[in-house]
Amino acid sequence: MGRKKKSDHDGMLTPLELEVMSALWKLGEGSVHDVIAALPSEKVYAYNTVSTILRLLLAKNVVSAKSEGRGHTYLPVLQKDDYEARTLDHVVTTVFDGEPASLMKRLLDSKGLTESELAEIKGLLESRGAK
């Protein structure tokens with residue numbers, strides 16, 4: 001029986017893939033140089049590393065590419081809100097035993113939420129209950 005690669009685990013991106021995708025989501029589209037420029041400045045990213053990650057994401061159908069001259073422009077196929085939903089579903093299933101209320105309880109217990117954030121969450125819950 002073969003083992004799954006870490007990057008293929010339930011459609012989750014690796015930390016470096018997620019950094020690259022976060023930059024691409026902010027840009028909307030971009031070349032390898034554009035993505036490098038949009039990545040956090042506290043780290044140094046080699047051109048070949050970012051290019052390889054983009055090619056891996058292309059193979060996974062997470063991004064698409066169009067040829068421009070000698071290079072490519074990459075565009076996200078996977079949208080950020082879709083990945084957020086997928087990630088949250090993964091966390092609820094694997095960490096919180098499939099119980100979203102456990103996730104919400106942990107969030108409310110462990111994060112120092114402001115009164116404004118608590119009011120926003122309360123409003124969201126009330127609006128969902130009214131449907």
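The expected span of a helix is 1.5 Å times one less than its number of residues. By this rule, the 15 residues of helix α4 (residues 80-94) should span 21 Å, and the end C-alpha atoms of α4 are 21 Å apart, which agrees. Helix α1, with 13 residues, reaches 19 Å from its first C-alpha to its last, close to the 18 Å expected.

The structure is a predicted model. The mean pLDDT of the protein chain is 88, and 90% of the residues reach 70 or more. Over residues 1-8, pLDDT stays under 50. For this stretch the model has six contacts beyond four places in sequence. Where pLDDT is low, the predicted coordinates should not be read in detail.

Helix α1 was examined next. The buried residues in α1 are Glu17, Val20, Met21, Ala23, Leu24 and Trp25. These buried residues pack against helices α2 (32-38), α3 and α4, and also against strands β1 (63-68) and β2 (71-76). After α1 comes Gly28, which has a positive phi near 90 degrees.

Two packed helices are described by the angle between their axes and the distance between the axes. For α1 (residues 15-27) and α3 (residues 47-59), the angle is about 90 degrees and the axes are 10 Å apart. Angles of 65 to 115 degrees count as roughly perpendicular, and α1 and α3 are therefore roughly perpendicular to each other. On the α1 side, the contact involves Leu16, Glu17, Val20, Met21 and Leu24. On the α3 side, the residues met are Thr49, Ile53, Leu54, Leu56 and Leu57. By class, the contact of α1 with α3 has eight nonpolar residues, one polar and one charged.

With a relative accessibility of 1%, under the 20% limit, Val50 counts as buried. Beyond four places in sequence, Val50 touches Val32, Val35, Ile36, Leu39 and Tyr45. One of these, Val35, lies 15 residues from Val50 along the chain, and the C-alpha atoms of the two are separated by 7.8 Å.

In helix α4, the buried residues are Tyr83, His90 and Val92. The elements that cover them include α1 and α5 (100-110).

Strand β2 contains Thr73. The relative accessible area of Thr73 is 8%, so this residue is buried. Leaving aside neighbours within four places in sequence, Thr73 is in contact with Glu29, Gly30, Ser64, Ala65, Lys66 and Glu68.

The loop between β2 and α4 holds Val77. With a relative accessible area of 43%, Val77 is partly exposed. Not counting residues up to four places away in sequence, Val77 touches Asn61, Val62, Val63 and Ser64. The C-alpha atoms of Val77 and Leu18 are separated by 14 Å, and these residues are 59 apart along the chain.

Most residues other than glycine have a negative phi. Asn61, which is not a glycine, has a positive phi of about 60 degrees. Asn61 lies in the loop between α3 and β1, and its relative accessibility of 59% is over the 50% limit, so Asn61 counts as exposed. Asp97, a residue other than glycine, likewise has a positive phi, near 50 degrees. The place of Asp97 is in the loop between α4 and α5. Asp97 counts as exposed because its relative accessibility is 65%.

Methods: Residues numbered from 1 in each chain as written. Predicted model: local features only at pLDDT ≥ 70, side-chain atom pairs only at ≥ 80, totals over all residues. Heavy atoms only, no water. pLDDT = per-residue confidence, 0-100. Contact = heavy atoms within 4.5 Å. Axes fitted to C-alpha atoms, helices over the stretch in contact; angles between N-to-C directions. Helix = DSSP H or I, 4+ residues; strand = E, 2+ residues; numbered from the N terminus. Parallel < 35°, antiparallel > 145°, perpendicular 65-115°, else oblique. Nonpolar A, V, L, I, M, F, W, Y, C, P; charged D, E, K, R; others polar. Buried < 20%, exposed > 50% of the residue type's maximum accessible area, 1.4 Å probe, protein only.
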